[in-house]
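My entries follow in the order in which I went through them.

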Amino acid sequence: MNSVTNDINTTTTTNSKSGQDLGLYFLERSRLGSAQGPCDMDEDEEAPTELNTINSSGGFLVVSPDKLSVKYTNVNLHGHDVGVVQANKQAPVKRLVYYFEIFVKDAGTKGQIAIGFTSESFKMRRQPGWEANSCGYHGDDGLLYRGQGKGEPFGPTYTSGDIVGGGINYATQEFFFTKNGAVVGKVNKDMKGPLFPTIAVHSQNEEVLVNFGQKPFAFDLKDFEAQERMKQQMTIEKISLPTNVSHGIVRSYLLHYGYEDTLNSFDMASKSTVPPIYIAQENGSCEQEDIMYALSQRKTLRQDDKSATCFLLHCQKFIELVRAGALEEAVKYGRMQLAKFFELPEFEDLVKDCVALLAYQQPQESLVGYLLEESQREVVADMVNAMILSTNPNLKDSNSCLHSYLERLLRQLTACCLERRSLNDDQGEAFHLKRVLNSGKKAKC
């Protein structure tokens, strides 16, 4: 679960916040940084690395010692004399696309080679596609077989010297197959449960080499993934949004965070070109009225000196001293201001992380380096902003202190994408809002 999801879950439990509750909410947000390592954007998942010599029709094929080459050794007396072998792991599902390739070293006497995907319980003496819960692209006739003995027109035949690939596009829920670096066809993936990359050989001297990604593919997988993401982006961009609505959302964001100069410039630029729009809160009050109150209240913030808000401000002061290399001053400040929080359980972990910055010559590369990231500053800035907004006597919904309309829309987008993924058996890459926003920036460059 990514940090945005955690944020959503946390927000739903904060229907009635006092100033202290708001401070504790941002304290929890600050702690989330320590749980995010450099690989937080990706979900670790084992992928196939070799062929499974145990789950194969061993009497009809020989697998090489490196477990990446298979050769048919029988004489093909009937349809059950197939040499079939699966990968040692199921195809990973928490990604946009999974893909592997085979090189046909020798097409043998009949070229009855097949590549595809099968379930764990697949009968290992039948071609992939000839039985239920399997799909296979066959070299001798170019047909695609999906769970029955009769194939359907699909692509060209393939033989010695050809490189053939099989993949799963989790975004579209499709199988696709390639030949010599080009896609030859795709088909709906109607199979559920774990699927294993599968190879079959079925006539004398047939031999294939398998590539699970140990070396570059003939097919440009990165370009394929980029095109798939672009298709998704184009679908989103086709959605029409009235100009005054988008301007209203941007304006509410500037109001929420008190960007007064930018707000004035924005209003001047859009006054003659954008029709006005009224954005009302769910509780009936106008967000603009609530936040305009806060624009004049940015200078004062009083808190109990042992509150979560006060604590985070002291932590940030300490962090900025470390960032500037003023270590002696940081030590003095820590003894004077952070020491009093050591005995308070809810603050202890973050205090220790702050103090640990002093133990490293390059603290930004350490386990507590998250404290030196810009996101940590943003947490503290958001906290101060929310505390100021919460002082508005006209405020009816304290949740509105936490997020602008724009941010709430983005959280709704995240929740919808996660729900869509869960309805698809959690297949496909995890949704990361930061990655989506960054890709949008690149697309406009």
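**Entry 1: a buried aspartate**

I began with Asp-162, which counts as buried because its relative accessibility is 11%, buried meaning under 20% relative accessible area, exposed over 50% and partly exposed in between, with a 1.4 Å probe and protein chains only. I note at once that this is a predicted model, in which local features need pLDDT of at least 70 and side-chain atom pairs count only at pLDDT 80 or more, while totals for chains, interfaces and linings use all residues. I also note that residues are numbered from 1 along each chain as its sequence is written, and that side-chain values use heavy atoms, with hydrogens and water left out.

Asp-162 sits in the loop between β9 and β10 (163-169); helices (H or I, at least four residues) and strands (E, at least two) are DSSP runs numbered from the N terminus. I found its side chain joined to that of Asn-180 by a polar contact of 3.0 Å, the term standing for a pair of N or O atoms within 3.5 Å, where within protein one must be able to donate a hydrogen and the other to accept it, and residues adjacent in sequence count only if both atoms are side-chain atoms. With neighbours within four places in sequence set aside, I listed Ile-102, Phe-103, Val-104, Lys-179 and Asn-180 as the contacts of Asp-162, contact meaning heavy atoms within 4.5 Å.

**Entry 2: a buried serine**

I then turned to Ser-134, which belongs to strand β7 (residues 134-138) and is buried, its relative accessible area being 2%. Its side chain reaches the backbone oxygen of Glu-131 at 2.5 Å. Among the residues that Ser-134 touches, beyond those up to four places away in sequence, I noted Phe-117, Tyr-145, Arg-146 and Met-191.

**Entry 3: the whole chain and its sheet**

Of the contacts with a separation of 6 or more, 67% come from residues 24 or more positions apart.

In what order do the strands of the open sheet run? I read seven strands as β1-β4-β13-β6-β7-β8-β9, with antiparallel pairing, where two strands pair if DSSP finds at least two bridges between them. The edges are β1 (51-56) and β9 (152-153), each of which pairs on one side only. Strand β4 (residues 83-87) runs antiparallel to β1 and is joined to it by two bridges, and Ser-56 stands opposite Val-85 in β4.

**Entry 4: the nonpolar cores**

The largest nonpolar core has 37 residues, of which Val-70, Phe-100, Ile-102, Ile-115, Phe-175 and Ile-199 touch the most other members; such a core is a set of buried Ala, Val, Leu, Ile, Met, Phe, Trp, Tyr and Cys residues joined through side-chain atoms within 4.5 Å. Strand β5 (residues 97-106) gives the most to this core, with four residues. Apart from it lies another core, of 33 residues, which includes Phe-311, Leu-357, Val-380 and Met-383.

**Entry 5: aromatic pairs**

I counted 17 aromatic pairs in the structure, rings of Phe, Tyr and Trp (its six-membered ring) pairing if their centres lie within 6.5 Å, with planes under 30 degrees apart taken as stacked, over 60 as edge-to-face and the rest as tilted. Phe-154 and Phe-177 are edge-to-face, because their ring centres are 5.8 Å apart and their planes stand at 85 degrees. This pair links distant parts of the chain, 23 residues apart, with Phe-154 in the loop between β9 and β10 and Phe-177 in strand β11 (residues 174-179); both residues are buried. Phe-176 and Phe-219 form a tilted pair, at 6.0 Å centre to centre and 50 degrees between the planes. I also recorded one aromatic cluster made of Tyr-98, Phe-100, Phe-117, Phe-175 and Phe-212.

**Entry 6: a helix check**

Helix α4 (residues 243-256) has 14 residues and reaches 20 Å from its first C-alpha to its last, close to the 20 Å expected at 1.5 Å a residue, the expected span being 1.5 Å times one less than the number of residues. After α4 comes Gly-258, whose phi is positive, near 75 degrees.
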